[in-house]
Structure formats: C-alpha cells, structure tokens
Protein chains: 2
Amino acid sequence: MSLLVVGSIAIDSVETPSGQAQEALGGSASYFSYAASYFCPVRLVGVVGQDFPDEYLRLLQNRENIDTAGVKVEPGKTFRWRGKYKGDMNVAETLDVELNVFGSFDPDIPATFRETPYVFLANGSPTVQRKVLHQVKSPKLVVADTMNLWIETARHDLLDLLKQVDGLILNDQEALMLTETTQLVAAGKKILALGPKFVIVKKGEHGAMLFSDDGIYALPAFPTDKLVDPTGAGDSFAGGVMGYLTYADKLDGETFKSAMAYGSVVASINVEGFSLARFKETTRHDIDTRFSKYRDMLKLV
Amino acid sequence: MSLLVVGSIAIDSVETPSGQAQEALGGSASYFSYAASYFCPVRLVGVVGQDFPDEYLRLLQNRENIDTAGVKVEPGKTFRWRGKYKGDMNVAETLDVELNVFGSFDPDIPATFRETPYVFLANGSPTVQRKVLHQVKSPKLVVADTMNLWIETARHDLLDLLKQVDGLILNDQEALMLTETTQLVAAGKKILALGPKFVIVKKGEHGAMLFSDDGIYALPAFPTDKLVDPTGAGDSFAGGVMGYLTYADKLDGETFKSAMAYGSVVASINVEGFSLARFKETTRHDIDTRFSKYRDMLKLV
C-alpha cells in the first residue's frame with residue numbers, strides 16, 4: 001500500500017541549547033515522508049522555490065520509498081522558518097517566517113497519485129487541505145494535522161474539514177485551544193464529537209494519546225537523553241504512525257497501538273539531531289531495535 | 001513485610017472545577033498509608049490536634065493493614081491546608097496553610113515500629129526526615145519525598161539526606177528546581193549523582209519516570225476521564241509504589257515496573273473523588289481489575 005502526503009517543504013534555521021543549524025532541510029512533509037518511508041512507499045506533494053538546494057532535493061529523490069513526482073519547483077524562494085528553543089524545548093519561539101512559494105501553494109495531485117489509499121494532510125490551511133481531498137479518489141483512510149494558526153483564523157473551515165476526515169493529529173495545546181477546554185481527556189473526547197473517528201494528541205516529551213470509540217490509549221515518549229532539536233518531532237511521529245498503518249493495511253486497535261509506538265520511536269530518533277541528520281544514518285533495523293526496547297520497557301508481567 | 005510512613009495528617013479544604021470539599025481528611029501520610037494498605041501492613045506515624053474529627057481517626061484506625069499506634073494527638077489544632085485547582089489542575093493554588101501541631105512535629109517512632117524493613121519519609125523538612133532515619137534499625141529500603149519549600153529553604157540538609165536514602169520521589173517541577181536544569185531526563189540523572197540509587201519523577205497526568213543505573217523507565221498515567229480532585233495523587237502514587245515493593249519484598253527491575261504501574265493505578269482512582277472518598281469504596285480487586293486494563297493497554301504485540 002502507498003501513502004500520500006501533502007504539506008510544506010522548508011528551509012529552517014534553528015537554534016537550541018545543543019547548537020544550531022543554518023538553512024537546513026525542514027518542513028512538515030519532509031519530516032513526515034522520510035519517517036514514513038521506513039515502512040511504506042510514500043508519494044510526496046509540495047512546493048519549493050528555485051533557491052531550494054539540489055542536495056536537499058536529491059536527499060528526498062534518492063530515498064527509496066519516496067516518490068517526489070509531486071514536488072514542484074516554482075519561481076521564487078522556498079518557505080523559510082527561523083526559530084529558537086530554550087529551556088525544556090517543548091515550545092519553539094518563531095523568530096521569522098517567510099511563506100514565499102508556499103504562501104500561494106495550490107496543490108495539484110499528479111494523476112498517478114490520485115488513487116493512493118492512505119492520505120495525510122500535513123499542516124496547512126483547511127482550504128488547501130480540502131483541495132487535496134477533492135482530488136483523491138476513494139481513499140481508505142484520510143488523516144489531517146492542523147495548528148493553532150488555523151484554529152484561530154480558520155475555525156469554521158477547520159470544523160468543516162473535520163467532518164470529512166477519518167482522523168486528526170494535533171498537539172496538546174492545539175487540542176485544548178480547539179475545544180476551548182483545559183483538560184486533555186475532555187479535549188480528545190470533544191474532538192471526536194466534531195467528526196473524526198479518531199484523534200491523536202501529541203504531547204512531546206510526555207508521549208501521545210489516541211482517542212476513539214474504543215476508548216483512550218496513552219503511551220509515554222521513548223526516553224532519550226540526547227535531545228538536540230525537537231523540530232519535526234511531531235511530523236516524524238505522524239510519519240511513523242501513518243507509515244506503519246499503511247504498511248499493515250489494517251485499522252484495528254492493536255495495529256493502531258503498534259503504529260503509535262513506531263511513531264514514538266521514530267520521533268525519539270529524529271530529535272537526537274538537527275534537521276534530518278539522524279534519519280540519514282538510521283536504518284529500519286535501528287528502528288526495530290529501539291522498538292523492541294520500547295516494547296520491553298512497557299511490558300508489565 | 002511491613003512499611004513505615006512518617007508524614008502529615010491534615011484537614012483540607014479544596015475547590016476544583018468539579019466542586020469542593022470542606023474540612024476533609026488530607027495530608028501526605030493519610031493518602032500514602034491508605035494507598036499502601038491495599039498491598040501490605042502499614043505503620044503510620046504522624047500528629048494531629050485535639051480538633052481532629054473522630055470519624056477521620058476511626059477511618060484510619062479501622063482500616064485493616066493500617067496500624068495507627070504512631071499517631072499522636074497533641075494539644076492544639078491539626079495541620080490545615082486550603083487550596084484551589086483551576087484549568088488543567090496540574091498545580092494547586094494554596095490559599096491558606098496553618099501548620100499548627102505539625103509545625104513542631106518531632107517524630108517519635110514507637111519501639112514496635114523501629115525495625116520496619118521498608119520506610120517512607122513522606123514530605124517534611126529534611127531535618128525531621130533525618131530524625132526518623134536515626135530511629136529506625138537497619139531498614140531494607142528507605143525512600144524520601146520532598147517539595148519545593150525544602151529545596152529552596154533547606155537545600156544543604158536535603159542534599160545531606162540524599163546521601164542517606166535509597167530512593168527519592170518528587171514531582172517534575174521539583175526535580176528541575178533541585179538540579180537547576182530545564183530537562184527532566186537530565187534532571188533525573190543529576191539527582192542519581194547526588195546519592196540515591198533510584199529517583200522517581202511524578203508528572204501528574206503525564207505519568208511518571210524511574211531513573212536508576214539500569215536506565216530510564218517511563219510510563220503514562222492511567223487515562224481517567226473523571227478527574228475530580230488531584231489532591232493526594234502524588235502521595236497515593238507513592239503509597240502504591242512502596243506498598244507493592246513491600247508486598248513483593250524484591251527490588252529487581254520487573255518488580256519496580258509493577259510497583260510504578262500499581263502506583264499509577266491507585267493514583268488514577270484517588271483523583272476521581274475528593275479526599276479519600278474513592279479509596280473508601282475501592283477494593284484490592286478493583287485495583288487489580290484496573291491494573292489488568294492498564295497492562296493490556298501498554299502491551300505491544
């Protein structure tokens with residue numbers, strides 16, 4: 001089975017207590033597609049500017065399991081983000097954003113991608129996300145991400161989108177903001193009532209929770225002591241989750257649990273370096289080794 | 001095996017978004033001893049004033065597995081705390097504290113309690129905690145709790161105490177404060193270097209982490225959707241952990257994991273009501289039922 005992802009491809013400059021990275025490959029769809037490619041073929045749709053480094057394009061193009069036929073190069077500059085993490089590194093301080101070619105992104109799904117069974121609408125405006133939905137043909141599973149910006153500025157469109165997707169992935173602060181509540185368990189249940197069959201709430205270093213009609217599933221983050229850069233952790237987590245679901249091609253409770261666990265493992269590896277540095281040196285075997293440790297840690301006799 | 005706990009017995013007045021409780025039974029040692037009594041015999045040492053309601057004394061006295069021979073009634077009033085929880089209920093706002101008889105608490109461990117193999121020094125000044133240590137004879141395991149007040153005002157005494165205990169239990173904010181760091185994994189490791197063989201960091205709704213030479217063990221909170229009052233959750237968690245360790249009378253990694261899980265289960269029950277309301281209606285069988293659900297939730301195939 002294949003997985004379609006539509007989202008941002010960016011050039012990030014990041015500073016953390018561990019150091020910094022200048023003009024590094026970033027963006028929700030970059031992290032997501034690389035993370036998912038450990039598990040299944042990924043079809044990537046996004047846009048970059050003419051300044052986008054060849055090296056970054058080749059990194060995605062040459063990756064087995066990533067099909068970049070949907071990556072357009074347009075006149076202008078690539079989406080740029082500059083940010084800084086301090087303290088507990090749970091929240092990034094955005095120093096500068098230039099949307100550039102991503103600001104007018106009008107996704108055009110290649111004909112060969114339109115029948116992809118698994119679809120992930122990475123962070124983007126609900127309007128853009130809906131445009132993708134209108135181009136795909138009878139997908140098995142559609143999951144969307146969102147962020148505080150759209151909750152604040154496009155709530156109506158977002159609520160409309162939630163009626164058309166199977167699942168929503170968002171972080172804890174966004175879940176509380178969307179539901180105007182102060183408790184996560186209540187927030188998760190309220191989002192379910194808005195339409196999606198399941199909701200995954202990402203909690204950074206505290207792990208993640210899955211809400212569905214089957215109840216609540218919570219798991220901790222894989223504890224790493226090498227936190228270097230949290231940028232892309234949430235997108236990597238989502239990539240692991242969706243990649244595993246696509247690989248397994250099943251949507252029962254046990255498969256979802258494994259998917260959440262693989263998402264946690266992949267995210268814990270990603271945060272150990274800047275940009276995609278750790279992914280570049282990580283094999284599927286490394287992921288399975290950490291997954292085994294994680295499973296053993298969680299196992300109670 | 002038996003478990004000795006020395007700590008506060010209080011009268012609490014609490015307000016949460018779910019309602020309020022006036023002049024209810026509270027205090028670290030009350031929650032701890034009730035939680036631990038599901039697993040092993042508990043020897044309780046504390047002090048109350050002459051105003052302490054008979055009903056509360058009887059609740060502890062009549063509980064099978066709690067020996068109240070160490071509870072002294074002294075002239076004056078009982079320790080009183082008045083607090084309020086808002087929003088995510090992760091932090092209590094203290095509206096009023098009256099130490100009363102607890103302010104001059106000078107623990108006198110009954111002769112019949114002095115050879116208890118498992119010892120828990122519930123939250124109290126490091127000076128008082130050390131006085132207990134000087135009265136117990138060759139315990140198998142001594143674990144201490146602490147709080148921000150002592151980290152701020154009695155750091156030297158606390159650091160001294162850490163060299164004399166086997167384990168420390170504290171919450172996430174306290175761990176960061178004690179180690180003057182901003183990341184929990186780093187904090188846990190730094191505390192290990194201060195003396196204890198293990199450190200348990202409580203994270204409220206996000207679960208808990210165990211640090212030892214064997215590595216890091218993280219587990220999520222049991223997700224309950226009936227959060228009524230978080231008062232005593234940390235003490236109940238500690239009671240479950242220590243109660244199970246005492247019952248098992250083993251200190252290997254698997255036993256610690258089960259102990260942490262039982263602590264989480266007991267705490268998740270406690271927060272579903274004010275004061276000890278939920279404990280009063282909960283049997284060991286109920287705890288085992290929830291433990292099974294928790295184990296199944298965490299199990300990855």
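A: Beyond its neighbours within four places in sequence, A:Val5 is in contact with A:Ala29, A:Phe32, A:Ser33, A:Val42, A:Leu44, A:Val45, A:Phe120 and A:Ala122 (contact requires C-beta atoms, placed from the backbone, within 7 Å of each other). This is a predicted model, in which local features need pLDDT of at least 70 and side-chain atom pairs count only at pLDDT 80 or more, while totals for chains, interfaces and linings use all residues. Residues are numbered from 1 along each chain as its sequence is written, and chains are lettered from A and ligands numbered from 1 in the order in which they are written.

A:Val5 belongs to the largest nonpolar core, which has 208 residues, and is listed with A:Phe120, A:Val241, B:Val5, B:Phe120 and B:Val241 among those with the most contacts inside that core. Such a core is a set of buried Ala, Val, Leu, Ile, Met, Phe, Trp, Tyr and Cys residues joined through C-beta atoms within 7 Å, where buried stands for 20 or more other C-beta atoms within 10 Å of a residue's own, exposed for 12 or fewer, and partly exposed for values in between.

Helix α3 of chain A, residues 126–135, has A:Pro126, A:Gln129 and A:Val132 as its buried residues (helices are DSSP runs of H or I with at least four residues, strands runs of E with at least two, numbered from the N terminus). These three lie on the same side of α3(A), because they cover an arc of only 115° around the axis, the arc being that of the directions from the helix axis to the C-beta atoms. Their cover includes β1 (3–6), β8 (118–121), β9 (141–145), α4 (148–153) and α5 (155–162) of chain A. In α5(A), A:Leu158, A:Leu161 and A:Leu162 are buried, and these line one face of the helix, since they fall within an arc of 100° seen down its axis. They pack against α3, β9, α4 and β10 (167–171) of chain A.

In chain B, helix α3 spans residues 126–133 and has B:Pro126, B:Gln129 and B:Val132 buried. They too line one face, because they fall within an arc of 115° seen down the axis of α3(B).

Further along chain A, helix α9 (residues 253–270) and helix α11 (residues 284–298) pack at an angle of about 115° with their axes 10 Å apart, where axes are lines fitted to C-alpha atoms, for helices over the stretch in contact, and angles run from 0 to 180 degrees between N-to-C directions. From α9(A), A:Ala261, A:Tyr262, A:Ser264, A:Val265, A:Val266 and A:Ile269 meet A:Ile287, A:Arg290, A:Phe291 and A:Tyr294 of α11(A).

Between the chains, 31 residues of chain B are in contact with 31 residues of chain A. On the chain B side, α7 (184–192), β13 (215–219), α9 (253–270) and α11 (284–298) each supply at least two residues. That side has 16 nonpolar, 6 polar and 9 charged residues, counting Ala, Val, Leu, Ile, Met, Phe, Trp, Tyr, Cys and Pro as nonpolar, Asp, Glu, Lys and Arg as charged, and the others, Gly among them, as polar. Within chain B, α7(B) also packs with helix α6 (residues 172–179) at an angle of about 65°, their axes 9 Å apart. Residues making this contact include B:Leu176 and B:Leu178 of α6(B) and B:Leu184 and B:Ile191 of α7(B).

Conventions. Two residues are in contact if their C-beta atoms, placed from the backbone, lie within 7 Å.
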